[in-house]
2 protein chains.
Amino acid sequence: MSALKPLRSLKPRANYHHGNLEKALIDAATEMIRESGVEHISLRAVAAYVGVSPSAAYHYFPDKDALISGVGQSLFDKLADRQEAAMAAYPGESREAALARFRALGRAYFDWGNTETNLFRLMFGVFCSLDQKDALAARDESRAWILLQRSLDDLADRGAINPALRPYGEILAWSAVHGATSLIVEGHLPKDVFESILDAIEISLGVVK
Amino acid sequence: MSALKPLRSLKPRANYHHGNLEKALIDAATEMIRESGVEHISLRAVAAYVGVSPSAAYHYFPDKDALISGVGQSLFDKLADRQEAAMAAYPGESREAALARFRALGRAYFDWGNTETNLFRLMFGVFCSLDQKDALAARDESRAWILLQRSLDDLADRGAINPALRPYGEILAWSAVHGATSLIVEGHLPKDVFESILDAIEISLGVVK
DNA sequence: TCCTAATCTGAACGATGTACAGATTATTGT
DNA sequence: ACAATAATCTGTACATCGTTCAGATTAGGA
């Protein structure tokens, strides 16, 4: 656990007009949640970390929950970054490469949950739960969702999965990977079962190797 | 949203020596979390609801988190009750009955998440996350886990699933059902995909109908 | 019936989320 | 260049929270 001391106290600049306070608050909150968990951060501490008074935050967020929710939204993009990087390790047009990328996609999700547990909990917790409409719209635009769609299209194009089962690909893969990751992260299942989950997903989708 | 007013103010009994304060606090906290979500309850409100001073709780729980965690532990049993009731609707020794019970098990989990969302979030949130050892030990003794094991044994005994895949039954079924329930409850997936998840689980386990 | 242990109260402390009035700075129009 | 206006941030204040602790109340055994 590092110190998390105020930053701006070093800078000679006055406190008024920070520059980009909204982003600074989100970044600070992200880092603090990452280290301590969403249940242990306070608006005041985030403001102090940025070097600003607590009230300043209320010009950008209606309340603390909105700030936290802002952090959550931004995390889906960071997860997609990790997934993209993981998939890049398996280039190529072959069926084997496409399958390897598909597994890398799931494994990156799992790794994210294990290495960034506090952020993972935030993303799928109360603060990021939206109404059906908004959430589905947000999901359709999220890069992580699009990566999953494309990965399944890749498999289908190469005849690596049963075409009749293709429509269920996204929901099945996401459900199984997310469920396993959640249960493992919270300690309900041991870590070593995850690869079996990936195997099971492939079987469900009728993978032919 | 109902009122949640203090109860004991009506009773003529004095405040000292409540009787079974520990259980009363857990019950009250359960009901209040059920209605408002774990992020919106205070130790003081729970104590007031029971008709007791805030400090009284500290004779039974070291802190607020311990009370909440106590609530969470007790919920796994209530989930098992629902699952048992749901399975009882499909009696019989036939393969079809065993399959129907297996699906009822998953559907009851899903229904629990949808009707008792606040409690569901608590069960699998930070407050109920244990170290690997404790959690796995607790799980092995939980009735919900045992129900799942028996249901899979039933399927295997009747030759309804691929014997080679039997060992993966628990982790796969729980992961997929939990993942789908979580994602649907938080709005990331639409409700109507759940039955497809049950189909996919059966395919993964090599169900022969 | 008195003594002791168990149980609960009441007051207090520091920290929190939030509201609001006013101070400070940036920007725009002339 | 300069004043007027808008945007941004501070400081203070308040109710509420979790938690501590000294002491009041009660139960139950000697």
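Colleague: How do helix 4 and helix 9 of chain A sit relative to each other?
Modeller: In this predicted model, helix 4 (residues 95–115) and helix 9 (residues 194–204) of chain A cross at roughly 135°, and their axes come within 11 Å. Helices are DSSP runs of H or I, at least four residues; axes are fitted to C-alpha atoms over the stretch in contact, with angles from 0 to 180 degrees between N-to-C directions.

Colleague: Why are helix 4 and helix 9 of chain A called oblique?
Modeller: Because angles under 35 degrees are roughly parallel, over 145 roughly antiparallel, 65 to 115 roughly perpendicular, and the rest oblique, helix 4 and helix 9 of chain A are oblique to each other.

Colleague: Which residues meet there?
Modeller: With contact meaning heavy atoms within 4.5 Å, helix 4 of chain A brings Leu99(A), Phe102(A), Arg103(A), Gly106(A), Arg107(A) and Phe110(A). Facing them in helix 9 of chain A are Phe194(A), Glu195(A), Leu198(A), Asp199(A), Ile201(A) and Glu202(A).

Colleague: What about helix 1 and helix 2 of chain A?
Modeller: Helix 1 (residues 21–36) and helix 2 (residues 43–50) of chain A have axes 9 Å apart and pack at about 115°. Helix 1 of chain A supplies Leu21(A), Ala24(A), Leu25(A), Ala28(A), Ala29(A), Glu31(A) and Met32(A), and helix 2 of chain A supplies Ala45(A), Val46(A), Ala47(A), Tyr49(A) and Val50(A).

Colleague: Switching topic: how many cavities of 30 Å³ or more are there?
Modeller: The search of the whole structure gives 1. A cavity is a set of points on a 1 Å grid where a 1.4 Å probe fits but cannot get out, and lining residues have an atom within 4 Å of a point. The largest cavity holds about 40 Å³.

Colleague: What lines the largest cavity?
Modeller: Chain A gives Leu172(A), Ala176(A), Ala200(A), Ile201(A) and Ser204(A), and chain B gives Leu172(B), Ala176(B), Ala200(B), Ile201(B) and Ser204(B). Helix 8 and helix 9 of chain A, with helix 8 and helix 9 (194–204) of chain B, each give two or more residues to that lining.

Colleague: And what volume does the largest pocket have?
Modeller: About 820 Å³; a pocket is an open set with protein on both sides within 12 Å along at least five of seven lines. The pocket has 33 lining residues, and closest to its centre are Val38(A), Val126(A), Val38(B), Val126(B) and Phe127(B). Helix 3 (64–87), helix 5 (117–123) and helix 8 (169–185) of chain A and of chain B each give two or more residues to the lining.

Colleague: What numbering and cut-offs apply?
Modeller: Residues are numbered from 1 along each chain as its sequence is written, and chains are lettered from A and ligands numbered from 1 in the order written. Local features need pLDDT of at least 70 and side-chain atom pairs pLDDT 80 or more, while totals for chains, interfaces and linings use all residues, and side-chain values use heavy atoms, without hydrogens and water.

Key: Grid points are joined across faces, edges and corners, and a volume is the space filled by probe spheres set on the points.
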